Amino acid sequence: MLPSNLLVARVRGGRVEPLLLEPEGIPLAIAAEILDRLREGVGRGRRELERELGELEELALEAGLDMRVARAMATLALRASVFEPVKAPLDPVKARLEVFEEACRSFGVAVSEEERRAVLERVAARLGCRVEDLEAVLGGYQDEVLAKPPGVSAEDLVREYNLSEVQTLLFKALKLDVRFIADGATTKRLLRAVKALGLLYVAERAGSGVKLTIDGPASLLRQTRRYGTRLAKLVPHVMLADRWAIEAEIAGKRALKFELTDARSSLFPRRSAEVEPLFDSEVEREFFKSLSRLAPGWKVEREPKPLVAGSRILIPDFSVSCGSRKVYIEIVGFWTKEYLERKLEKLRELEGVTMIVAVDEELACSSVKDLPHEVVVFRGKLRGADVYPLLKKLLGEPERAPRPEP
């Protein structure tokens, strides 16, 4: 994802289209020049390299390309590079103290260039370093130097630019519809990614594939930046499917429509997406820990296999099993009114399983309590003790670990 000021998009007829580039011609030449300069710039400072790459913006403009394209590619290339801090020749804190004390002893305040130089020479001699080293650490800012340039080709950099443009546009999405067809393993990974990223979604069958309806960052009243970043991380997962289509409603003076399908797959990188976090909130992490400690004889599983509720798909937050008996747990947390309504409708359609719905008392409402499932209301943080009595009733006593023989 890029800063919003680097998004290059065109609006026409109620639709918005980000600038997507073929990895050829002028865009490819600009990307290659960026990478060449970074490969030749190993050992040079970040600020110097940023200034040098900035010169390519004018070159892009002269070639008829938006200067923001060159800036965006440079941003991505620098982000993929490895920089290391410059090792200071001496301790900056000690150097400043020595200079301050020497100046006070000699002049009170060194106001002229000659007096300043005299102070620095005496301190440098005492510390056994050069005056230039002393001036470098007194400057405050220590630049980073390039240790390793990005290991991507020019074609890869253009494709990464295209992906980042789409991700940046979707940061303004009100709603996102994703349809995809994939093999079982890819489908399962994608559904787990949606869940693990903490997105507000509904999954349902759509012919031979799956349809995801996801609330966009622009529809929320809080945590929009964090949520937008999570939504951006989903896009590479979607593009790993055999067939896929994204349709979004983008916020603006009036809502705009954005569409993208696998017909343009060649414009994007096809790589393994980032590994999803095991827990998408501290509430879930602490609940898992506390329940596992409380009942080590039960098997507590995070994000078990998906369940089917009517035509929709639900991935519970947890399952707890003992022998052949299993109970699913769904935690109702961060939500919008529309998302909560969809979630409750899906839970009402879910049959044939034992489910506990845990809901924060601030979000609890009569419609939650009327669900055809066990409901547990907690305050602020869900603990294992909040559901243990009910689980014990549904599963029976947790098995005890055998005592070691004497």
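Predicted model: local features only at pLDDT ≥ 70, side-chain atom pairs only at ≥ 80, totals over all residues.
**Salt bridges in close-up**

View A. The side chains of K175 and D177 form a salt bridge, with an N to O distance of 4.0 Å. D177 has a relative accessible area of 15% and is therefore buried, the cut-off being under 20%.

**View B. A salt bridge joins R15 and E259.** The N to O distance between these two side chains is 2.7 Å. R15 belongs to strand β2 (residues 15–18) and E259 to strand β9 (residues 256–261), so the contact ties together parts of the chain that are 244 residues apart in sequence. Relative accessibility is 38% for R15, which counts as partly exposed. E259 is also partly exposed, with 35% relative accessible area.

**View C. R117 and E121 pair within helix α6.** Their side chains meet in a salt bridge of 3.2 Å, N to O. Helix α6 spans residues 113–127, and the two residues are four positions apart in it, about one turn of the helix. R117 is partly exposed at 35% relative accessibility. E121, at 41%, is likewise partly exposed.

**View D. Five residues form a network of salt bridges.** The structure as a whole holds 27 salt bridges.

Key: Residues numbered from 1 in each chain as written. Heavy atoms only, no water. Buried < 20%, exposed > 50% of the residue type's maximum accessible area, 1.4 Å probe, protein only.
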